[in-house]
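Please look over the sequence and the structure below before reading on. The report that follows is meant for someone new to them.

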Amino acid sequence: MKFYDFYKRFPNESVCVLILKSIKEQEGIVCKKCKNVEHYWKKDKNSFECKRCNFRTSLKSGTIMENSNLPLKYWLSSIMFFNIMEKNISALKLQKEFGHKRYEPIWLMLKKIRNISEADYFIYKISDYIAFDKNSFD
Ligand SMILES: [Zn+2]
């Protein structure tokens, strides 16, 4: 199972947004400002907006993807590949797979992926949307 095979399972950013949005909704979104739990989804901003005070909570807020401008596709495919297939994949290899110009953001992403404690949770959740049964790849 090559990295590319994982990568292509995430067809585009919209699909990744939907996956992450759905994970967030299942967790429940709590407004940081007023603690309200009811939100509108602002599609153009990729954010939840509090129905009471209009405070916005971004999709990446509270995840390891926060503060990253890399596509969600990079993140989700790398999290899955790292945890299911190959823990020793290098940032250089990933950079080549993505065809990304700069090494540093990819290195930083991989470093964060190595350190996340919520990896199992993510994999479990992502697997609800995209079939990732290791055995089916052999
Ligand atoms: Zn609020």
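Predicted model: local features only at pLDDT ≥ 70, side-chain atom pairs only at ≥ 80, totals over all residues.

Residues are numbered from 1 along each chain as its sequence is written.

Two packed helices are described by the angle between their axes and the distance between the axes. Here axes are lines fitted to C-alpha atoms, for helices over the stretch in contact, and angles run from 0 to 180 degrees between N-to-C directions. Helices (H or I, at least four residues) and strands (E, at least two) are DSSP runs, numbered from the N terminus.

| Helix pair | Angle | Axis distance |
|---|---|---|
| Helix 3 (residues 72-84) and helix 5 (residues 104-115) | about 50° | 10 Å apart |
| Helix 2 (residues 13-27) and helix 3 | roughly 65° | within 9 Å |

Helix 3 and helix 5 are therefore oblique to each other, a term for angles that are not under 35 degrees (roughly parallel), over 145 (roughly antiparallel) or 65 to 115 (roughly perpendicular). Helix 3 passes helix 5 in a right-handed crossing, whereas helix 2 passes helix 3 in a left-handed one; a crossing is left-handed if the near helix is turned anticlockwise from the far one by less than a right angle, and right-handed if clockwise.

Residues are in contact if their C-beta atoms, placed from the backbone, lie within 7 Å. On the helix 3 side, Tyr74, Trp75, Ser78, Ile79 and Phe82 meet Met109, Leu110 and Ile113 of helix 5. By class, this contact of helix 3 with helix 5 has seven nonpolar, one polar and no charged residues. In the other pair, Glu13, Cys16, Val17, Ile19 and Leu20 of helix 2 meet Leu72, Lys73 and Leu76 of helix 3.

Most residues other than glycine have a negative phi. Lys35, although not a glycine, has a positive phi of about 70°, and is found in the loop between helix 2 and strand 1 (39-42). Lys35 is exposed, with 10 other C-beta atoms within 10 Å; a residue counts as buried with 20 or more such atoms, exposed with 12 or fewer, and partly exposed in between. Asn67 likewise has a positive phi, near 70°, and sits in the loop between strand 3 (56-58) and helix 3.

Phe122, in helix 6 (residues 119-126), is buried, with 21 other C-beta atoms within 10 Å. The C-alpha atoms of Phe122 and Leu20 are separated by 9.3 Å, and the two are 102 residues apart along the chain.

Technical notes
Contact = placed C-beta atoms within 7 Å. Nonpolar A, V, L, I, M, F, W, Y, C, P; charged D, E, K, R; others polar.
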